[in-house]
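Q: Could you walk me through reading the features of a fold, one at a time?

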Amino acid sequence: MQESIPVHQLTKSSFLIFSIDGTSDETFDGLHRHDFFEVIWFTDVEQDQLVEIDFTPFPVYDNSVCILTPGQVFRMSLTTQKGYVMAFSKELFNAILEDKPSYFPGIAPVKISLENEKPLKMLIQLIIEEYHSKKRVSLLKAYLSAFLFLLLESSIEFQTGSNTRVAALLRYVDQYYLEQREPTFYANLLNISIKHLNAITKKERGLTVKELIIERLLLEAKREIRFGKLSFKQITFKLMFTDPAYFSRFFKKQTGLSPEQFRASLPVLSS
């Protein structure tokens, strides 16, 4: 499994901030995952620029922001974009969002509103100044909390995690989906009947618990197929399917394509 998707890690700090145009190509080059949360604010972008998140290309514009969660697969071409990158350890991010749902789904690039643009620019300067001077933890956390609040308050994606039981379920599915694929396992963790849990997830997410498990498993399969370094047999066993034929049938049933057809159909992000 040495050729599975590379993971970028925070090793010496719980928080980093740097400018996009002040870093090296290696920071963004190639598909990779993070073991931390990352906020990328594009302040100035060339026309027709893309980022790729979980094998899907997204356009980015001036003053657009995305939030990447641990495990997501990301790639972008570093050309003449300008902006800021903030990396948060999982512990710090969760501490800042202590009054928010415990599962955070991430945000694809969204445009910052004109109303929030000015205060966000002020906050980013305060964060940079404090980070490069006294590094007072309480003050930095206050600035970061205000910064994230302004980003999240209008995000539709974030609002989907508003139900605390659904948030807990999604967190458990993300943790156990490889080993535990029976909905009753998750209902027992939440101390709720599977019938009631299905009713909640159908209302909040439009999917049953079983469908949420399949959605998470399928996402991981697509990530590995998109990366293209593992054989389909290796992906089969990494995702704990019994044999490649069974994995291929599962994938085709969910997507309408075989794993081979899916890999061949994916767009290539220009570098």
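Q: In what sense do β2 and strand β9 pair, and over how many bridges?

A: Two ground rules to start with. This is a predicted model, where local features need pLDDT of at least 70 and side-chain atom pairs count only at pLDDT 80 or more, while totals for chains, interfaces and linings use all residues. Residues are numbered from 1 along each chain as its sequence is written, and side-chain values use heavy atoms, with hydrogens and water left out. Two strands pair if DSSP finds at least two bridges between them; helices (H or I, at least four residues) and strands (E, at least two) are DSSP runs, numbered from the N terminus. Here β2 and β9 (residues 82–88) pair in the antiparallel sense over five bridges.

Q: Is β7 mostly covered or mostly uncovered?

A: Start with the cut-offs: buried means under 20% relative accessible area, exposed over 50%, partly exposed in between (1.4 Å probe, protein chains only). Strand β7 (residues 64–68) is mostly covered, with five of its five residues buried. Ser-64, Cys-66 and Leu-68 point one way, Val-65 and Ile-67 the other. β7 pairs antiparallel with β4 over five bridges, where Phe-42 stands opposite Ser-64. Three bridges join β7 to β10, also antiparallel, with Val-110 in β10 as the bridge partner of Val-65.

Q: What about Glu-130: buried or exposed?

A: Glu-130, found in helix α2, has a relative accessible area of 5%, so it's buried. Contact means heavy atoms within 4.5 Å. Leaving aside neighbours within four places in sequence, Glu-130 is in contact with Lys-135, Arg-136, Leu-139, Leu-140 and Tyr-143.

Q: How do α5 and α7 pack?

A: Two packed helices are described by the angle between their axes and the distance between the axes. Helix α5 (residues 164–176) and helix α7 (residues 194–205) pack at about 100 degrees, with axes 10 Å apart. That makes α5 roughly perpendicular to α7, a label for angles of 65 to 115 degrees. On the α5 side the contact is made by Arg-165, Val-166, Leu-169 and Leu-170, while α7 brings residues including Leu-197, Ile-200 and Glu-204.

Q: Which residues have the most contacts inside the largest nonpolar core?

A: In soluble globular proteins, nonpolar side chains tend to be buried together. A nonpolar core is a set of buried Ala, Val, Leu, Ile, Met, Phe, Trp, Tyr and Cys residues joined through side-chain atoms within 4.5 Å. The largest one has 30 residues, and Leu-169 and Phe-247 have the most contacts inside it. α8 gives the most to this core, with seven residues. A second, separate core of 29 residues includes Val-39, Met-86, Leu-150 and Leu-151.

Note on methods: Axes are lines fitted to C-alpha atoms, for helices over the stretch in contact, and angles run from 0 to 180 degrees between N-to-C directions. Angles under 35 degrees count as roughly parallel, over 145 as roughly antiparallel, 65 to 115 as roughly perpendicular and the rest as oblique.
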